[in-house]
Amino acid sequence: MTNSPDRTRAEIYRSPDQLTDVESYRIELIRKSIHLCSISIPIFYFYTPRPVALAVLAPLTLLFVSVDIARYYHRPIESWFYRTFGRLL
């Protein structure tokens, strides 16, 4: 696969049916670890003063929402997003 900007999501993302058992297992472990790491957000918020927690979490939230929206309108961001996260989706 090339990194041409004209590639579609289907060319970047392989469906679970196209993955080997080892790839599928590895991807599922990564997905589960992401879910387990998500518990760090409320823990961070609980043990950090509110202004500090908001100063960290608000920009991160804006960044992730911006990238999520931008991938629909900007081809290079879409390519990067699916190349980086496509297998996890």
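Start with the largest pocket: about 370 Å³ of space lies there. The model you have open is predicted.

**Select the lining.** Pick Arg31, Ile34, His35, Leu63, Phe64, Val67, Asp68, Trp80, Phe81, Phe85, Leu88 and Leu89. These residues line the largest pocket.

**Colour by residue class.** Nine of the lining residues are nonpolar, one is polar and two are charged. Arg31 and Asp68 are in the lining, and both belong to the charged class. His35, also in the lining, falls in the polar class. Phe64, Phe81, Phe85 and Trp80 are among the other lining residues, and Phe and Trp count as nonpolar.

**Show the helices around the pocket.** Select 21-37 for helix 2, 50-70 for helix 4 and 75-85 for helix 5. Each of these helices supplies at least two residues of the pocket lining. Which helix gives the most to the lining? Helix 4 does, with four residues.

**Zoom out to the whole chain.** Switch to cartoon. From the N terminus on, the order is α-α-α-α-α.

**Turn to contacts.** Take those in the chain with a separation of 6 or more: 52% of them join residues 24 or more positions apart.

**Finish with the surface.** Display the accessible surface of the chain, about 7,200 Å². Carbon and sulfur atoms hold 67% of that area. Then colour by burial, with buried set at under 20% relative accessible area. Of the 89 residues of the chain, 15% count as buried.

Technical notes: Residues are numbered from 1 along each chain as its sequence is written. This is a predicted model: local features need pLDDT of at least 70, side-chain atom pairs count only at pLDDT 80 or more; totals for chains, interfaces and linings use all residues. Side-chain values use heavy atoms; hydrogens and water are left out. Buried means under 20% relative accessible area, exposed over 50%, partly exposed in between (1.4 Å probe, protein chains only). Contact means heavy atoms within 4.5 Å. Accessible areas come from the Shrake-Rupley method with a 1.4 Å probe; for residues, only the protein chains shown count as cover. On a 1 Å grid over the protein atoms alone, a cavity is a set of points where a 1.4 Å probe fits but cannot get out, and a pocket is an open set with protein on both sides within 12 Å along at least five of seven lines; lining residues have an atom within 4 Å of a point. Grid points are joined across faces, edges and corners, and a volume is the space filled by probe spheres set on the points.
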